[in-house]
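Reader: Please take me through one part of this model closely. I would like the aromatic rings and what surrounds them.

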Amino acid sequence: VEIYTADFCGYCHRAIQLLKSRNIEYTQYDVTLDTAGRRAMEKRASGRTSVPQIFINGTYIGGSDELVRIALNGRLNELLAN
């Protein structure tokens, strides 16, 4: 799991807590002051500029709400298994 975050982002903290609560390993990219990182995130996320932006095994998931939704409907485990 890759997650692009920024400081003081409640949605970012929420997504990370969900990952931690399920013992899911993730790589965090803090783009708070990283313009190159933010541009890379925007390119990967089809121009989306908000954080968090989450990818699982290279597949774009979306943000915190989408992560919670796939965790609740069981799709998260499927994506992690791929």
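Author: Tyr60 counts as partly exposed, at 27% relative accessibility (partly exposed lies between buried, under 20% relative accessible area, and exposed, over 50%, with a 1.4 Å probe and protein chains only). This is a predicted model, where local features need pLDDT of at least 70, side-chain atom pairs count only at pLDDT 80 or more, and totals for chains, interfaces and linings use all residues. Residues are numbered from 1 along each chain as its sequence is written, and side-chain values use heavy atoms, without hydrogens and water.

Tyr60 pairs with Phe55. The pair is tilted, at 5.2 Å centre to centre and 55° between the planes. Rings of Phe, Tyr and Trp (its six-membered ring) pair if their centres lie within 6.5 Å; planes under 30 degrees apart are stacked, over 60 edge-to-face, the rest tilted.

Phe55 is buried, at 2% relative accessible area. Tyr4 is buried too, at 6%. The centres of the Tyr4 and Phe55 rings are 6.0 Å apart and their planes meet at 75°, so this pair is edge-to-face. Tyr4 sits in strand 1 (residues 2-5) and Phe55 in strand 3, so the pair ties together parts 51 residues apart in sequence. Strands here are DSSP runs (E, at least two residues), numbered from the N terminus.

The structure holds three aromatic pairs. Ring pairs link Tyr4, Tyr29, Phe55 and Tyr60 into a cluster.

Arg44 lies over the face of Phe55, 3.9 Å from the ring centre. For Arg, this requires CZ within 6 Å of the ring centre and within 35 degrees of the ring normal; for Lys, NZ is used.

Key
Helix = DSSP H or I, 4+ residues; strand = E, 2+ residues; numbered from the N terminus.
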